[in-house]
Amino acid sequence: RSIMAINSLPTRPVIISTDPGIDDAVAISLALFSDDIDVKLICPIAGNVDLKKTTYNVQRLLTFLEKEVPVVPGSSSPLLRVSKDASNVHGESGMDGFNFPNPTITPVVTKTAVQAMHETVLTSSTPVTLVGIGPLTDIALYLHLYPQDKERIHEIVLMGGALGRGNFGVLSEFNFGVDPEAAKIVFNSNISIRMAPMEIGRQAKIMPNTSEKIKSLGKIGEMFYSLFAHYRGGSFSKGLNMYDVLALGLILKPEMFEIEPTYVSIETQGTLTGGASLIDLKGYLGKESNAKVATEVDAEQFEKWFTEMVAKTI
Ligand code: BDR
Ligand code: CA
């Protein structure tokens, strides 16, 4: 390990479950260039676009970044429900707007994402963090099939849910709305969870002057800029929502958030409200906290941190 890593935070092994997705691509890139995170495994999953596309997106992203990390594709649909994508936000490919090279990185197809997660956790010398920035289907399947691994999981850090209204349904955010049953399994797992709900992803916006700044920060800054010009999560001129990057922010820069330990319940029975996250800040349900929920983020600090992280990729 480098001297820098010894002096700062210990390097944290992580597994990323993801559905790139423009904000996913940004979060993955920053994680791969952070000295404090060791990305052990990336498991694409169906979400923003279908599994074939999210897998291809991870392959071409890693090829462009020149980073070799095992890629093991996961679920092509939610546990019980029919898939619904978000190609209106991220483009037909899921990562529209930049001309990525043809991939030279190939996915592992001899095992499932869940098996790969299990092997990664078993062989890691320190407890692993699961980062969920897509629907939680694979993380739920993993916890269901390998409950004995729970003690080797440091925590789950995720982007998902909403404090109030949703972006998938009236009351549900996309990642939870796509697979409510999976989200429920995760929140009932008794593993320590930190989460950035949708509103936090909307508070932490990338404003046009930051987009312009990162454009000149090397090839990765340029790539982000091109993706941002096509991304429909928010608007380029009024600010882009960096949802998934907030999960990374919770790991690398927790001091920019206000965080409340809270009981979070996931609605799976409602005919109109599937995937709604009841973030019980006032304790109406009288239950013990099962998650630490970000309720505010300092937008200025976020943009500053984001720009510094992009600068690190040069
Ligand atoms: C979440 O949904 C997806 O479109 C984004 O990638 C993010 O994970 C935001 O609700
Ligand atoms: Ca995502």
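Predicted model: local features only at pLDDT ≥ 70, side-chain atom pairs only at ≥ 80, totals over all residues.

Student: What makes a residue part of the shell around ligand 1?

Tutor: A heavy atom within 4 Å of the ligand puts a residue in the shell. D23, D24, N48, H90, I133, M159, N167, E173, F174, N175, Y243 and D244 surround ligand 1, so each of them meets that cut-off. α2 (22-32) and α7 (174-178) each supply at least two of the shell residues. By class, the shell holds 4 nonpolar, 4 polar and 4 charged residues.

Student: Why is the approach of D24 to ligand 1 called a polar contact?

Tutor: The cut-off is 3.5 Å between N or O atoms. A polar side-chain atom of D24 lies 2.9 Å from an oxygen atom of ligand 1, so the pair counts as a polar contact. N48 also places a polar side-chain atom 2.6 Å from a ligand oxygen. For D244 the distance to an oxygen atom of ligand 1 is 2.6 Å. Both of these pairs are within 3.5 Å, and therefore they count too.

Student: How much of ligand 1 does the protein bury?

Tutor: Alone, ligand 1 exposes 280 Å², and the protein buries 96% of that.

Student: How do you know that ligand 1 sits in the largest pocket?

Tutor: The test is that more than half of the ligand atoms lie within 2 Å of the pocket's grid points. Ligand 1 is assigned to the largest pocket, so it passes that test. This pocket has a volume of about 340 Å³. Its lining comprises 25 residues, with V89, H90, N167, F174 and Y243 nearest the centre. Two or more lining residues come from each of α2, α4 (87-90), α7 and α9 (198-203). α4 gives the most, with 3 residues. The lining divides into 9 nonpolar, 8 polar and 8 charged residues.

Student: What lines the second largest pocket?

Tutor: There are 11 lining residues, and P10, T11, R12, P13 and H154 lie nearest the centre. The volume of the second largest pocket is about 230 Å³. β1 (12-18) and α12 (245-252) each give at least two residues to its lining. By class, that lining has 6 nonpolar, 3 polar and 2 charged residues.

Student: What makes a space a cavity and not a pocket?

Tutor: In a cavity the 1.4 Å probe fits but cannot get out, whereas a pocket is open. The whole structure has 1 cavity of 30 Å³ or more. About 40 Å³ of space lies in the largest cavity, so it clears the 30 Å³ cut-off of the search. I16, A27, I28, A31, V131, I133, D244 and L248 line it. α2 supplies the largest share of this lining, 3 residues. The lining has 7 nonpolar, no polar and 1 charged residues.

Student: Which backbone features deserve a look, and why?

Tutor: Most residues other than glycine have a negative phi, and most peptide bonds are trans. The bond from P20 to G21 is cis, with omega near -5 degrees. G21 is in the loop between β1 and α2. E66 is not a glycine, yet its phi is positive, near 60 degrees. E66 is in the loop between α3 (51-65) and α4.

Definitions and conventions. Residues numbered from 1 in each chain as written. Chains lettered and ligands numbered in written order. Heavy atoms only, no water. Polar contact = N/O pair within 3.5 Å; in protein donor to acceptor, adjacent residues only side chain to side chain. Areas by Shrake-Rupley, 256 points an atom, 1.4 Å probe, with all protein chains shown as cover. 1 Å grid on protein atoms, 1.4 Å probe; cavity = no way out; pocket = protein on both sides within 12 Å on 5 of 7 lines; lining within 4 Å. Helix = DSSP H or I, 4+ residues; strand = E, 2+ residues; numbered from the N terminus. Nonpolar A, V, L, I, M, F, W, Y, C, P; charged D, E, K, R; others polar.
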